[in-house]
Amino acid sequence: MGLITAMITFWLITLVVFIMVNRGVWVFTDVSKSMSLFMLEKALGPPIDFVDGKKGSASTTWILQGTLWIIPASLVTFCGLWLSHDPQALHSLTAWGLNPASKSLTTSGILIAVYGSMGMLLIGSSMHIVPELGATSLASEKNATLMSFVWTLAVIVMFVAANNPEIAGVPVMPIATILTNLVLLAVIVNMLLTAASRTRKMPLPAWMMIIGMISAPISILSLALTGSLNLGSGQWLATRFSGTTFFLMVSGALLYGSSKGSGNPLWSRSLAAVTMAGAIISINPAGLIEGEIASDFLGIGTATFEPTRNDILAGSFLLALSLIPIIALSANVLATMRGDDVFMENPDSPGMPEINLAAFMAVPIAIGGLFVHTDYLTGTNELTGIHTSLVLLGLWVVFIPASLGSALSIFPEVSGRNMLSINRSRWAFWLMAGGAFSGIVFTMMADFSDMALIEAAVDEENSTANRIRVLGSVLFYGTVIGSVYHSLNMISGTFRGTPASEEQNLSSTSISSPYMLTKETTVRKILAQREGKLDTVVVPESSTELPGSATEI
Amino acid sequence: MLVMGFVSTIVFLVLYGILFPSSDLPVISSVLPVFDGVFDSGIWFFILGALIGIFAILGTMLAEATSE
């Protein structure tokens with residue numbers, strides 16, 4: 001079966017599942033609902049009593065662990081970058097039986113960043129976003145909290161597997177796959193039960209997160225049904241599908257985070273729909289280029305990548321098509337944030353700079369990814385030398401900031417307290433963003449230099465590229481420090497941060513327009529609203545014993 | 001407590017040296033060679049910095065949780 005057959009199967013199954021979830025068929029009968037809830041909680045026995053079930057605890061636990069995972073992710077990536085110019089730097093670890101190499105460390109750094117940081121932050125955010133948008137509560141806070149620790153265990157296994165694929169003849173990566181899928185199954189059931197109990201029409205960001213999660217098993221099912229899993233093109237597509245999963249979840253989190261953080265309504269629901277439909281229809285250029293990682297995860301043999309002519313045509317077209325949802329997402333997020341003139345009023349709000357950076361960088365990096373993937377798909381392989389750096393750039397400048405920014409913007413609401421220091425949050429942003437961008441761009445420059453020498457068939461060691469790599473790895477260290485700053489700020493905030501309820505403004509105002517302002521505002525903000533004019537009447541919502549009159553602007 | 005632990009360790013090491021002269025310490029002797037070659041490369045200074053950060057987080061968590 002070809003690539004397009006697998007894609008059509010994926011579209012059909014996704015469509016059917018979406019309709020079933022939306023219309024309340026199958027898992028949404030009362031019997032199956034109570035059965036699922038029983039499986040999520042009581043069936044687990046005593047372990048479920050170890051965790052707290054109060055509102056917001058699941059989201060807080062996932063977000064905190066996701067933030068903490070950024071530290072090892074950045075540290076391991078830093079070591080991988082360093083070893084690319086100094087392969088013997090960690091040779092003393094051989095005394096412990098470890099033999100770290102640049103490639104294995106970079107791959108494990110990517111896996112920790114994707115599944116440990118990004119995955120946990122996004123799942124944690126979804127546990128707040130889905131119930132919030134459906135005006136309901138999470139079906140099982142206890143199960144969701146407990147599952148976060150199993151997911152963390154799975155990430156640890158993943159790290160071991162990336163550096164030591166077999167222990168005592170047993171492949172390690174499939175164990176991580178089993179663990180992550182068990183957790184994902186529990187989270188999906190939890191989300192479906194939550195969606196089933198919604199009391200109003202759920203906006204698209206929530207659906208994006210749910211469909212994003214469900215698309216992971218659907219994609220593997222589609223490839224298995226069409227018999228593509230044993231083919232090189234099928235394994236390549238499996239890697240691309242993981243990009244679709246995370247892109248959908250990131251989109252939901254970004255759209256919600258940008259709206260929540262800025263206090264503006266979503267700029268365009270049509271663009272949100274384009275993002276969701278486009279992400280499912282197209283092939284996402286995010287992620288590693290080879291299908292080898294998918295075969296490792298599934299525990300099957302790696303097949304040679306030999307796409308047919310039809311595969312190349314369909315793949316190139318669907319890859320190019322992915323720019324539409326990415327541009328739609330970027331435009332929607334940037335316009336939503338600026339609708340309230342947020343950068344004039346509140347430039348330091350934790351999470352907003354990260355969301356801004358991610359939305360800004362998504363398009364250029366996607367275009368870069370498109371070139372590299374098309375180059376690989378067509379068998380030209382002239383740009384594959386930069387693909388690892390490009391994946392790292394996409395990860396540390398788009399996906400991690402997007403998931404972290406969204407999580408930061410909702411964290412006060414789920415934990416009940418704000419970050420300890422806005423100033424530290426700003427420092428953390430600049431360290432992380434500056435370190436990642438400059439460090440990886442320098443590394444990419446060295447990659448280009450190496451590629452040029454390989455093409456010219458020069459055998460000598462490229463000392464210039466090595467010097468640039470030193471600079472790149474040292475600059476990337478800023479990301480490690482930034483992640484420590486973020487973690488410290490978040491942890492201290494949960495204990496000593498100002499209570500989020502204190503921010504609720506009693507003297508909120510509303511302008512005579514469809515827009516409701518929920519907190520105190522300024523003349524600038526009112527004028528920045530599309531319906532705010534010089535003669536807009538501002539009426540205080542709170543009532544007092546004193547005779548009132550219209551507030552003068 | 002910290003001083004007591006430090007003094008006990010020294011006393012134990014001295015006693016071990018007297019009782020089992022020229023014998024390697026069990027476990028510790030096999031772990032210590034790990035540090036052969038450490039700081040040969042500048043990467044260790046960066047790793048040390050990250051470890052300080054990680055311990056700062058652990059310390060903050062302990063301090064915050066026990067401050068009341």
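**Notebook: chains A and B of a predicted model**

I began with chain B, whose elements run α-α-α from the N terminus on. I note at the outset that this is a predicted model, in which local features need pLDDT of at least 70, side-chain atom pairs count only at pLDDT 80 or more, and totals for chains, interfaces and linings use all residues. Residues are numbered from 1 along each chain as its sequence is written, chains are lettered from A and ligands numbered from 1 in the order in which they are written, and side-chain values use heavy atoms, with hydrogens and water left out.

**Entry 1. Chain B**

I listed the secondary structure of chain B and found 3 helices and 0 strands. Helices (H or I, at least four residues) and strands (E, at least two) are taken as DSSP runs, numbered from the N terminus. I then looked up burial: of the 68 residues of chain B, 21% count as buried. Here buried means under 20% relative accessible area, exposed over 50%, and partly exposed in between, with a 1.4 Å probe and protein chains only.

**Entry 2. The interface of chain B and chain A**

I next asked how many residues of each chain are in contact. The result is 22 residues of chain B and 25 residues of chain A, contact being heavy atoms within 4.5 Å. The size of an interface is often given as the accessible area lost when the parts come together. For chain B and chain A the buried area is about 1900 Å², and carbon and sulfur atoms give 78% of it. This area is the accessible area (1.4 Å probe) that two parts lose on being put together, summed over both.

I looked up the polar side of the interface as well. The rule finds 4 residue pairs in polar contact between the two chains, both residues being at pLDDT 80 or more. A polar contact is a pair of N or O atoms within 3.5 Å; within protein, one must be able to donate a hydrogen and the other to accept it, and residues adjacent in sequence count only if both atoms are side-chain atoms. The side of chain B that touches chain A divides into 13 nonpolar, 6 polar and 3 charged residues. In this division Ala, Val, Leu, Ile, Met, Phe, Trp, Tyr, Cys and Pro count as nonpolar, Asp, Glu, Lys and Arg as charged, and the others, Gly among them, as polar.

The count between the chains is 1 salt bridge, that is, a side-chain nitrogen of Lys or Arg within 4 Å of a carboxyl oxygen of Asp or Glu. B:Glu64 forms this bridge with A:Arg496, and their closest N and O atoms are 2.8 Å apart.

**Entry 3. Salt bridges within chain A**

I found 4 salt bridges over all chains. One of them joins the side chains of A:Glu413 and A:Lys260 at 3.2 Å, N to O. A:Glu413 lies in helix H15 and A:Lys260 in helix H8 (residues 232-262) of chain A, so the pair ties together parts 153 residues apart in sequence. A:Glu413 is partly exposed at 38% relative accessibility, and A:Lys260 is partly exposed at 34%.

A:Asp447 forms a salt bridge with A:Arg469, the closest N and O atoms being 2.9 Å apart. Since A:Asp447 is in helix H16 (residues 422-455) and A:Arg469 in helix H17 (residues 463-496) of chain A, the pair ties together parts 22 residues apart in sequence. Both residues are buried.

A:Asp450 also forms a salt bridge with A:Arg469, at 2.7 Å between the closest N and O atoms. This pair likewise links helix H16 to helix H17 of chain A, 19 residues apart. A:Asp450 counts as partly exposed at 24% relative accessibility, whereas A:Arg469 counts as buried at 9%. Shared partners join A:Asp447, A:Asp450 and A:Arg469 into one network of salt bridges.

I checked helix H3 (residues 57-83) of chain A, which has 27 residues and reaches 40 Å from its first C-alpha to its last, close to the 39 Å expected at 1.5 Å a residue. The expected span is 1.5 Å times one less than the number of residues. Of the 27 residues of H3(A), 24 are buried, so the helix is largely enclosed by the rest of the structure.

I then turned to A:Ile326 in helix H12 (residues 323-338) of chain A, which is buried at 7% relative accessibility. Leaving aside neighbours within four places in sequence, A:Ile326 is in contact with A:Phe247, A:Pro285, A:Ala362, A:Val363 and A:Ala366.
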